[in-house]
Amino acid sequence: DPLLATWQYGLGRAAAWTSDVKGQWATDWIKWNGFNTFIAQLTSWVLPQPADEGLQTMFASDGEQTVLEVTSEDADGRPRDLLDTHATVVGPDSPAGSGQALVSQAITLTQVAAGRYRGRLPAVQPGTYLVRVTQQDAGGTPVASATTGLIVPYSPEYKSLGEAASVLPELSRATGGQVLAEPELAFAPLARPASRVQPIWPTLLLAAALLFPLDVAARRLRLTRGDAQRVWAWMRTPLRRRGAAVAPRPRALSTLFAARDRAIGSRSQRMAQPASPVVEDERPSRPPPESREPSPELPASPEAMAARLRRAKDRARKSRPG
């Protein structure tokens, strides 16, 4: 037979329906006209109730206890009075807050002003707590509900030093620290600056990328000491003089043409001079001594050189056998 079980767990609700909704086991239930309403109500009962925007909660510390104050207003902003207000607190069970199980405690809040209710939570240990506040009217009809959280970071006795203030100087001397009398000292520079590890591979990779072209140039180019001196002299030259134009060197062909023109001019001058009278000498003439060094030939014109090349080519062709 199908079995339905429901219960409250902490701030939530749980339900167990030991059957199905496909018609294999609960055929008679599915044929029932109220089955759809039954499933819808069961689902809505398990889901958390939406928080009421008109229900505000606030926590305040009062010695070793925590005060919970709730302000309740309707949609029109009017206070909701004379409501049965309860709070359920769920938190760790161990005194130190290290346990894994949760403990639920119910607290009744008393109305202290128009739409304002207040209650005291028992001594809470450091940890995280969930608080669910519900309000009902005299007939037991729910009016409003809200869920909030409470975090206790440390025990209240740590807020005041008391006798422990005399222990702080001893602790600072034993550990090599100092007592900060002024809040500004917390931001003072450290006597021993802290160190951290920083990778240097990006710097090394950048240096390798910059030196790689220089390494290739040193291996491929044949640079001499004179090249280095010229580069050094060029670097020491002012910028305004680096762009100065350098006079080009005369070409060898131009030099030859100029020498040819000078030779032709001197030959014409000698031919234009009148012949001097010849005086015969009674002594037998001796042939002039042959000079070991041949006289330099005058450079020929490009037309004469071309003609000589053609004649040499013809002689070579005629002397070829066959």
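A: Buried means under 20% relative accessible area, exposed means over 50%, and partly exposed lies in between. The model is predicted.

Q: Why is Leu-4 called partly exposed?
A: Leu-4 has 36% relative accessibility. Leu-4 is found in strand 1, residues 4–9.

Q: What does Leu-4 touch, leaving aside its neighbours within four places in sequence?
A: Leu-4 is in contact with Ala-16, Trp-17, Phe-38 and Leu-42. Leu-4 and Leu-42 are 38 residues apart in sequence, and their C-alpha atoms are 9.9 Å apart in space. Contact is judged on heavy atoms within 4.5 Å.

Q: How confident is the prediction along the protein chain, and where is confidence lowest and highest?
A: The mean pLDDT is 75, and 72% of the residues reach 70 or more. Confidence is lowest in helix 6 (residues 239–242), with a mean of 64, and highest in helix 4 (residues 201–220), with 90. Over residues 94–100 the pLDDT is below 50, and this stretch has 10 contacts in the model beyond near neighbours in sequence. Residues 290–295 also stay under 50, and there the model has 0 contacts beyond four places in sequence.

Q: What are the overall counts of helices and strands, and what share of the residues is buried?
A: The protein chain has 8 helices and 9 strands. Of its 322 residues, 15% are buried. The chain exposes about 27500 Å², of which carbon and sulfur atoms supply 57%.

Q: What makes up the largest nonpolar core?
A: This core has 17 residues, and Leu-68, Ala-87, Leu-109 and Val-133 touch the most other members. Strand 4, strand 5, strand 6 (102–113), strand 7 (116–121), strand 8 (127–136) and strand 9 (142–152) each supply at least two of its residues. Strand 9 gives the most, with 4 residues.

Q: Are Glu-69 and Arg-116 each buried, partly exposed or exposed, and why?
A: Glu-69 has 13% relative accessibility, so Glu-69 counts as buried. Arg-116 has a relative accessible area of 36%, so Arg-116 is partly exposed.

Q: What separates Arg-219 from Asp-215 in helix 4?
A: Arg-219 and Asp-215 are separated by about one helical turn, because they are 4 residues apart in helix 4. Their side chains meet in a salt bridge at 3.1 Å, N to O. Arg-219, at 67% relative accessibility, counts as exposed, whereas Asp-215, at 35%, is partly exposed.

Q: Why is Ser-172 called buried?
A: Ser-172 has 12% relative accessibility. Buried means under 20%, so Ser-172 counts as buried. Ser-172 is in helix 3 and touches Gly-177, Gln-178 and Val-179, not counting residues up to four places away in sequence.

Q: Which residues make the nonpolar surface patch that includes Leu-171?
A: The patch is made by Val-167, Leu-168, Leu-171 and Val-179, and has an area of about 310 Å². Leu-171 is in helix 3, residues 167–175. Patch residues need over 30% relative accessible area. Leu-171 has 47% relative accessibility, so Leu-171 counts as partly exposed.

Key:
Residues are numbered from 1 along each chain as its sequence is written. This is a predicted model: local features need pLDDT of at least 70, side-chain atom pairs count only at pLDDT 80 or more; totals for chains, interfaces and linings use all residues. Side-chain values use heavy atoms; hydrogens and water are left out. pLDDT is the predictor's confidence in each residue, from 0 to 100. Patches are made of residues with over 30% relative accessible area and no salt bridge: like charges are joined within 9 Å, nonpolar side chains (Val, Leu, Ile, Met, Phe, Trp, Tyr) within 5 Å. Accessible areas come from the Shrake-Rupley method with a 1.4 Å probe; for residues, only the protein chains shown count as cover. A salt bridge is a side-chain nitrogen of Lys or Arg within 4 Å of a carboxyl oxygen of Asp or Glu. Buried means under 20% relative accessible area, exposed over 50%, partly exposed in between (1.4 Å probe, protein chains only). A nonpolar core is a set of buried Ala, Val, Leu, Ile, Met, Phe, Trp, Tyr and Cys residues joined through side-chain atoms within 4.5 Å.
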